[in-house]
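Student: I have a new structure open and would like to learn how to read it. Could you walk me through a few features?

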Amino acid sequence: VSDFIKNIICRKTDIIATGISGSFVIMACHNDPELIDKMIIINPESLQKLNQIPTKKSKAWKFYLEIPILGMFTYNMLHSKDRIGDCFRNKYYCNISSLNEKDIDAYHEACHLGRSTSRHLFASMEGKYTNINILHALKELDNSIYLVGGEEEADIDQILKEYTYFNPAIETTQIRNTRHLP
């Protein structure tokens with residue numbers, strides 16, 4: 001994130017992120033506050049979940065997912081077009097009438113570009129290797145941070161309260177009749 005802003009954008013910028021990506025933005029801002037001006041984070045990951053570290057079970061699951069044939073087979077099963085469509089219908093969207101087949105196609109294509117090297121990121125996420133405790137950064141940030149939650153997103157009330165507890169300057173809102181992708 002920092003390198004992209006420094007080398008491509010070349011000026012202080014505003015960022016919108018969703019879910020766990022918000023933690024990367026918060027840490028990038030904490031590491032270099034002059035890069036990021038304002039942040040909007042949609043349905044941020046819970047601080048409790050971000051604080052989890054790899055366990056024996058999650059390390060084993062990561063190892064399995066990275067095995068060339070079995071891991072690729074499992075990844076392809078978990079990221080089939082039907083499974084992605086189910087995620088959109090059951091987790092991402094509240095109003096499935098606004099669901100567009102092109103969205104599912106785009107997610108499916110992104111999962112399988114580059115000979116499915118994205119399975120390694122998936123394995124790292126499943127193994128909890130992408131988690132980072134952002135509490136210290138959250139407490140110290142003085143940037144404009146705005147959290148948006150989908151009203152139907154699981155535990156969103158508690159998650160928004162966690163963030164504002166550690167940084168009362170954070171502003172929050174919820175969008176009615178939405179889930180993870182309002």
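**Reading the largest pocket and its surroundings**

Tutor: Let us start with a lining: the residues around the largest pocket divide into 18 nonpolar, 13 polar and 12 charged. Here Ala, Val, Leu, Ile, Met, Phe, Trp, Tyr, Cys and Pro count as nonpolar, Asp, Glu, Lys and Arg as charged, and the others, Gly among them, as polar. This is a predicted model, where local features need pLDDT of at least 70, side-chain atom pairs count only at pLDDT 80 or more, and totals for chains, interfaces and linings use all residues. Residues are numbered from 1 along each chain as its sequence is written, and side-chain values use heavy atoms, with hydrogens and water left out.

Student: How much space lies in the largest pocket, and which residues are the closest to its centre?

Tutor: A pocket is an open set of points on a 1 Å grid over the protein atoms alone, where a 1.4 Å probe fits, with protein on both sides within 12 Å along at least five of seven lines; lining residues have an atom within 4 Å of a point. A volume is the space filled by probe spheres set on the points, which are joined across faces, edges and corners. About 1,700 Å³ of space lies in this one. Of its 43 lining residues, Ile 20, Glu 45, Tyr 92, Met 125 and His 180 are the closest to the centre.

Student: Which helix gives the most to that lining?

Tutor: Helices are DSSP runs (H or I, at least four residues), as are strands (E, at least two), numbered from the N terminus. Helix 6 gives the most, with six residues.

Student: How do helix 4 and helix 5 cross?

Tutor: Axes are lines fitted to C-alpha atoms over the stretch in contact, and angles run from 0 to 180 degrees between N-to-C directions. These two axes come within 7 Å and cross at roughly 100°, so helix 4 is roughly perpendicular to helix 5 (65 to 115 degrees). In contact (heavy atoms within 4.5 Å), Trp 61, Tyr 64 and Leu 65 of helix 4 meet Leu 70, Gly 71, Met 72, Thr 74 and Leu 78 of helix 5.

Student: Is Asn 43 buried or exposed?

Tutor: Buried means under 20% relative accessible area, exposed over 50%, partly exposed in between (1.4 Å probe, protein chains only). At 2%, Asn 43 is buried. Although not a glycine, Asn 43 has a positive phi of about 45°.

Student: And where is Asp 155 found?

Tutor: Asp 155 sits in the loop between strand 3 (144-150) and helix 10, and counts as exposed at 59%.

Terms used. Parallel < 35°, antiparallel > 145°, perpendicular 65-115°, else oblique.
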